[in-house]
Each structure stands twice: as C-alpha cells, then as structure tokens.
Amino acid sequence: METKIQDRAEKYFWAGYNCAESVLWAAAETFDLGLRPADVRLATGLGGGLGRGDVCGALSGVVLALGAVAGRTDPGQSQESFKALREKVVATFEAEFKSIRCNELKTEEREDCVAFVRTAAAALARVMEGLP
C-alpha cells in the first residue's frame with residue numbers, strides 16, 4: 001500500500017498539484033475516502049507551508065486525509081485518538097528530515113519536495129493500515 005500511495009502522490013505532484021493537494025488526492029484514491037474533486041480544493045492553500053514556509057504542505061495533506069477518516073463530527077467527541085494518529089505521522093516525517101517546516105526543508109528545486117510528498121504518503125499508509 002505504501003508504494004501505491006507514494007507513486008500516486010508523486011504522479012499528482014509532477015502533474016502540477018502542490019504537495020498538500022498531491023497527498024490528499026493520492027489518499028482519497030488509495031483509501032477510498034469518498035472525497036469529491038471539489039473537496040481537494042481544501043488543500044490548495046496549504047502547499048509550500050501555507051505559501052510561507054511553515055508546516056510542510058505534504059504533512060498538512062496527510063492531516064486532512066486523517067481527518068476524513070478519523071476526525072470528529074461532534075464537539076463533544078475527544079480529539080485524543082486523532083492527535084495520536086497525527087503525531088505518528090509527524091514524528092515519522094520529522095525523524096526522517098529533522099524538521100517539519102517547509103522553509104527548513106526545501107531549496108528552490110521542486111524536486112526536493114518529491115521526497116517529502118513520498119515520505120508523508122508512506123507514513124499515512126502505515127497509520128491507515130493500523131486503523132480498524
């Protein structure tokens with residue numbers, strides 16, 4: 001499953017989608033999240049760390065995908081299980097690249113982002129495989 005989502009995310013990235021959109025599209029297809037094309041627009045502003053070099057957009061795309069599966073639908077629901085899932089992905093990414101901030105990760109080359117997109121997608125796959 002990891003290779004499948006990684007390849008899909010990379011395909012979307014090279015087609016011109018940003019890092020967050022690429023991961024979310026790949027997750028939607030790989031895990032049949034029931035997202036419509038219009039839903040993926042939610043990720044547009046997250047690419048490039050909100051376009052400011054903040055949290056890597058690939059990670060933001062993962063968090064959106066996790067929310068589609070394990071997010072809460074009622075304010076009375078606990079967020080703790082979601083936070084644990086999110087932390088697994090963030091910790092995996094940070095262990096690999098020593099940062100989660102776009103401006104600390106990438107250079108001017110778009111190619112740099114492929115590794116971030118693929119790693120985030122793989123981390124999502126590992127977390128998703130552990131869900132009931």
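Modeller: Let's begin with aromatic pairs. Rings of Phe, Tyr and Trp (its six-membered ring) pair if their centres lie within 6.5 Å; planes under 30 degrees apart count as stacked, over 60 as edge-to-face and the rest as tilted. This is a predicted model: local features need pLDDT of at least 70, side-chain atom pairs count only at pLDDT 80 or more, while totals for chains, interfaces and linings use all residues. Residues are numbered from 1 along each chain as its sequence is written, and side-chain values use heavy atoms, with hydrogens and water left out.

Colleague: How many aromatic pairs are there in the whole structure?

Modeller: The search finds 7. One of them is Y12 with Y17, edge-to-face, 5.6 Å centre to centre and 80 degrees between the planes. Y12 is buried at 11% relative accessible area (buried is under 20%, exposed over 50%, partly exposed in between, with a 1.4 Å probe and protein chains only). Y17 is partly exposed at 33%.

Colleague: Which aromatic cluster does Y12 belong to?

Modeller: Y12 forms one cluster with Y17 and W25. K11 also lies over the face of Y12, 4.6 Å from the ring centre. That call needs NZ of Lys or CZ of Arg within 6 Å of the ring centre and within 35 degrees of the ring normal.

Colleague: What about F97 and F116?

Modeller: They make an edge-to-face pair, 4.8 Å centre to centre, with 85 degrees between the planes. F97 is in helix α6 (residues 80–97) and F116 in helix α8 (residues 111–129), 19 residues apart. Helices (H or I, at least four residues) and strands (E, at least two) are DSSP runs, numbered from the N terminus. F116 is buried at 7%, and F97 is partly exposed at 21%.

Colleague: Switching to the core. Which residues have the most contacts inside the largest one?

Modeller: I5, F31, L66 and L124, in a core of 38 residues. A nonpolar core is a set of buried Ala, Val, Leu, Ile, Met, Phe, Trp, Tyr and Cys residues joined through side-chain atoms within 4.5 Å. α8 gives the most, with 11 residues.

Colleague: What does I5 touch?

Modeller: Leaving aside neighbours within four places in sequence, its contacts (heavy atoms within 4.5 Å) include F31, A121 and L124.

Colleague: Now salt bridges. How many does the structure hold?

Modeller: There are 9. Each needs a side-chain nitrogen of Lys or Arg within 4 Å of a carboxyl oxygen of Asp or Glu. E10 and R118 meet in one, at 2.8 Å, N to O. E10 lies in helix α1 and R118 in helix α8, so this pair ties together parts 108 residues apart in sequence.

Colleague: Which residues are in the network with R52?

Modeller: D54, R101 and E104 are linked with R52 in a network of salt bridges. R52 and D54 meet at 3.8 Å, N to O. R52 is exposed at 66%, while D54 is partly exposed at 23%.

Colleague: Last topic. How many disulfides did the search find?

Modeller: It finds 0. A disulfide is a pair of cysteine sulfur atoms within 2.5 Å. For C56, the nearest cysteine sulfur, that of C19, is 5.2 Å away.
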